[in-house]
Amino acid sequence: MKLNINNEIKKYAVEVICLLYILLFIYAAVSKFLDFENFQVQIGQSPLLSVYASWLSWMVPVMELITASALLVPKFRFVALYASLSLMVMFSAYIFIMLNYSDFVPCSCGGILEKMSWNVHLIFNVIFVFLAILAILLSENKISKYEGNLNTLRSLKGILGVNIFSTLIIIILFISSERIMHKNNPFLRRYPQHPILFSKNIDLKFNSYYFAGTAENKLYLGNYTDPLHIIEMDSNLENQKVFKISFDQKNIPFTMVTIKIRGKYFYLIDGTVPKIFRGRIKDWKVTEEIEGMPFFTLAEPTDSTQFIVRTNNGRNSSNLIGLFDSKASPKVKYNSKLLQQQIDGVFDTDGILLFAVDLKKVVYIYYYRNEIVSADQNLNMLQKSHTIDSISKARVRVAYLKHYSERTMSAPPLMVNAHAGVSGNLLFIHSKIKGQLEDNKLWDEAFIIDVYDLHKQIYLFSFPIYSIEDKKLQSFLVTKTHLYAIIGNQLAGYELRNILKKQINSLENKSDR
């Protein structure tokens, strides 16, 4: 009689556990299907599952429904309990790896489970793991009665095997997904939680301002319509000061003057003249001219005597990258292999020229294709890498006028990379191409910034900068603590969170060892 009572208790305990699993799996699966698009986007942003999102987003809820159905049938219940255990171990291993080995933890759950914190969710899953183990052990008597002697030791071996197998699957998915995302990205973006935090924005009144640079925790803005006008403010966009550069223009026919700040110096630049003048930011007085400059369209100071320039002196007046050194002879040398012509050599090679101060690297990002060119300070090619989109050939149409003496675009081009900035070892690119499994609403409301590690030559993650009053992003600048963006006539400041600060400082930490 006592034995029967014990068997009845075991039977009801197993029934209750199976019912809990049935409710859990059906609820989770239905929640995923009801909001399938959002679930697919979320799982596509997972550090573990990004590249497998297209089929995992279907397979997970389907497996949950199949397992729940099998738990309803007594004939398949014992096998279904092992399947339930395997799923819950996988979910638990997934969360554990996310919490301990990932920089960010997006949610990919459904319904009320989405409201749980990740730590609470892990505890919830572990409880269900133990419930499945308990149900399997309690079911062994019934199994042994009808299908032979299944002892506790055999059940424990089976449980251990399921745990190891399920955990290994998640580890393999994590390792392979990381490798594919970093090196062979199928155009899937990752959006970590709040890598930047909005701090303040100020009204500049006009949309003619641009970033001249930073120095000693000060931010400097230039103005295209008033070239000698400089605004200085601290990193929190406070304590504004206005300066006027002291300079006798000597009737020089300037057409497009810009100011660049490098350390304690400022540079007054116009490549159409061509002229570069230098002075110190302590008094804002032009004190010398950099003699012997060639005509150029872009210029980046690398130190007090060297400049990286882009000119149109190549074959068929195509774009060409050169190094100007006022102390060398000859003063200018070019590397014709850095920029690759696809169509006309001008529009198809147009792009953004940057100098990564900490890495001593020249970085060139094409506007109309997914390529990043890196060279050392002497213009020796280091590497050609790619942004994560699939636009490898520039989509521009060129028309030639006046017997091929002038050229213009005959149709609007497909813009791939609109703006870029560099800080430490990180490259930030404002992308104009929507990736897979991305929310249309996000692209309507924000500008997407992709982050790359220039040292490792890999994609890291992305984040949005939300628009202000539906204005366009004019430019942005990144320091080791902040990101600043000019949106229309608004200057917005964002504090970098730890996920970005750690990446920026990773190169310094390595060099200190």
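The model is predicted: local features need pLDDT of at least 70 and side-chain atom pairs count only at pLDDT 80 or more, while totals for chains, interfaces and linings use all residues. Residues are numbered from 1 along each chain as its sequence is written, and side-chain values use heavy atoms, with hydrogens and water left out.

**Open sheet**
- Four strands form an open sheet in the order β1-β26-β25-β24, with antiparallel pairing; strands are DSSP runs (E, at least two residues) numbered from the N terminus, and two strands pair if DSSP finds at least two bridges between them.
- β1 (196-203) and β24 (473-478) are the edge strands, each pairing on one side only.
- On average, neighbouring strands of this sheet are turned by 20° against each other, direction ignored; the axes are lines fitted to C-alpha atoms, and angles run from 0 to 180 degrees between N-to-C directions.
- Five bridges link β24 to β25 (residues 482-487) in the antiparallel sense, and L473 has I487 in β25 as its bridge partner.

**Loop residue T479**
- T479 lies in the loop between β24 and β25.
- T479 counts as buried because its relative accessibility is 15%; buried means under 20% relative accessible area, with a 1.4 Å probe and protein chains only.
- Leaving aside residues up to four places away in sequence, T479 touches T214, S423, Y484, L496 and I504 (contact: heavy atoms within 4.5 Å).

- In β14 (residues 351-356), six of six residues are buried.
- β14 and β15 (residues 361-366) run antiparallel and are joined by six bridges, with L353 opposite Y364 in β15.
- The hairpin has four residues between the strands, and K360 takes a positive phi near 55°.

Technical notes
Buried < 20%, exposed > 50% of the residue type's maximum accessible area, 1.4 Å probe, protein only.
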